[in-house]
Amino acid sequence: MPVLVPTTEHNQDTRVGAPAWRQAAQAATRRAQRLTDRCGREAVAMWQPKDSVRDPHVARHLRRAAHIQPWRFRVEMVRGGGTVEHPPPGDGVTLWKSKMKPPPWDAPLPMSLHRDARALQTAEVVQAHVRGARYTAARLKHAQHRINKQLQLLLRYRKAAIHRLAEVHKGLLINQQSAKLRGYRPKCEKVPDKADKMLTWEKEELKALKRKMELDMEKSENLLKALACCRDTLGYYFEERLQVVDLMNQPLEKVLDYSCHQSFVDLSRTPSPCTQGQKTQPPDPLGAYTPECEAALHQAKQLVAESKDALEDMTRNEAQVREQQRKITDRVGAALAQKMRETKELRDKMNVALGLMRGTINRCTKFSQEMYNNLGFIEGPLSHSHLETREKLDRPLVRVYQRHVGTQLPEASRLTQGAGKLQSHIVQVEKNLHALQAEHKRLSRNLNCKNLGYDVDHNVVRLRLRQQDPHVFYEQAQRLVSDWDPKTPPRSKSDDIPQ
């Protein structure tokens, strides 16, 4: 057996070594121990997770039980009194036999397979980027397709609106032509009437319709510019994403179907028919779905909704303008037709009065001629050679009778009195005949004016019916009266109508 030799306590006075030398050795020993402890702790900390640092104030078995408690399966009660065990949520390796799910080991130091792990991680990142780029490209393409549809609808509406605006312009031209053509009426027929008021009202209404259609055209033009700009932006971003997926053999139309979305407009709704789908990722400045793409898609969504509402309003306005223009034209045509009927009625009455006056003038002329003949018979012959025996005042019977005093015959005075009275009646008849002839002339002139006014109104109605034909375009209607410069046609100074 070994013999234990008791240690001999050396007195400080009996030590041989110097104190400085001894302190230096002890300091080197303490430094080595501290370095050893630090390196050991750092080595252990490199290989264990951060949350597994042990508390020195708790027993080891208690620390281990508290550490592995979150890993164990959870027991849940079900109906009927049974129990079901579920692994805890989160990432990790599920150990079904020991009913535990420890979290993944997160070591700060790279493993031996670090290169392969990084390669797999890079491949996953690239594949995720490709999938995101393909999904974003599909959304951009679908949005661009919807924008193209709205552009086609807007262009189709603009074509109809241009045609309707041309019809309104043609209506204004027809109104101007009608007013100018009615200026060819005689002066007595230019008294302002309801037909002139209706033409003025038609002009104001057509101007209001023109302004309304021009506002719709301006609105549609702004929408077209915004949609075209949005389409170009979507196409630019789509071409950028297409550089990533140009080698993929999967059609982009199926990407939205695989992600359980059939539209780019509302991707936040719950995908109903499918149970699995790719969720819309939040915008990432460094990813495939950038904030610029999100802004472009949001702008496309707003423009599609705005263009739909605008198309409905503009289509309704175009229909209202067409119906209102038709009613305006019908009212003006009815007013002109009523004026023609009134003119024809007055013309017929004047024609009857003119015929009666013509008969009266003929009778008065014949009566005047008979009175002239009677006056000649009363006054007797003008030449001495035409005298007869019965016309001489010195005939034998008269001479015998006038020999007695106071027996003068009143033949000469009575003849003179009768001739004077007949002459006064002849003058009165002549005066009446002149008045009848003057009135007949005025009535004939008025009748000619009525005929000319009726013909002008008839030509206006015929012109309006001809120009309102859908096959007559604005240029053709404008070419008809292109040489009408003045507002009213030239008239003579006296404004007399030739008989």
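Guide: The dialogue below treats the cores, then the aromatic pairs, then the charges over rings. Please note that this is a predicted model.

Visitor: How many residues does the largest nonpolar core have, and which have the most contacts inside it?

Guide: The largest nonpolar core comprises 34 residues, and L140, I147, L154 and L234 have the most contacts inside it. Two or more of its residues come from each of helix 3 (114-182), helix 4 (194-245) and helix 6 (291-379). Apart from this core lies another, of 13 residues, including M198, V332, A335 and M340.

Visitor: Which residues does L140 touch, leaving aside those up to four places away in sequence?

Guide: With that exclusion, L140 touches L234, Y237, F238, R241, C293 and L297.

Visitor: How many aromatic pairs are found in the whole structure?

Guide: The search finds 2 aromatic pairs. F73 and W96 are edge-to-face, with 5.4 Å centre to centre and 80° between the planes. F73 belongs to the loop between helix 2 (60-68) and strand 1 (74-77), and W96 to the loop between strand 2 (83-86) and helix 3, so the pair ties together parts 23 residues apart in sequence. F73 counts as buried at 12% relative accessibility, whereas W96 is exposed at 56%. The pair of Y236 and Y237 is tilted, because the planes are at 55°, with ring centres 5.6 Å apart.

Visitor: Where does the charged end of R331 sit?

Guide: The charged end of R331 sits over the ring of W201, 4.6 Å from its centre. R347 lies over the face of Y454, at 4.7 Å from the ring centre.

Methods
Residues numbered from 1 in each chain as written. Predicted model: local features only at pLDDT ≥ 70, side-chain atom pairs only at ≥ 80, totals over all residues. Heavy atoms only, no water. Core = buried A, V, L, I, M, F, W, Y, C linked by side-chain atoms within 4.5 Å. Buried < 20%, exposed > 50% of the residue type's maximum accessible area, 1.4 Å probe, protein only. Helix = DSSP H or I, 4+ residues; strand = E, 2+ residues; numbered from the N terminus. Contact = heavy atoms within 4.5 Å. Phe/Tyr/Trp six-rings, centres within 6.5 Å; stacked < 30°, edge-to-face > 60°. Lys NZ or Arg CZ within 6 Å of the ring centre and 35° of its normal.
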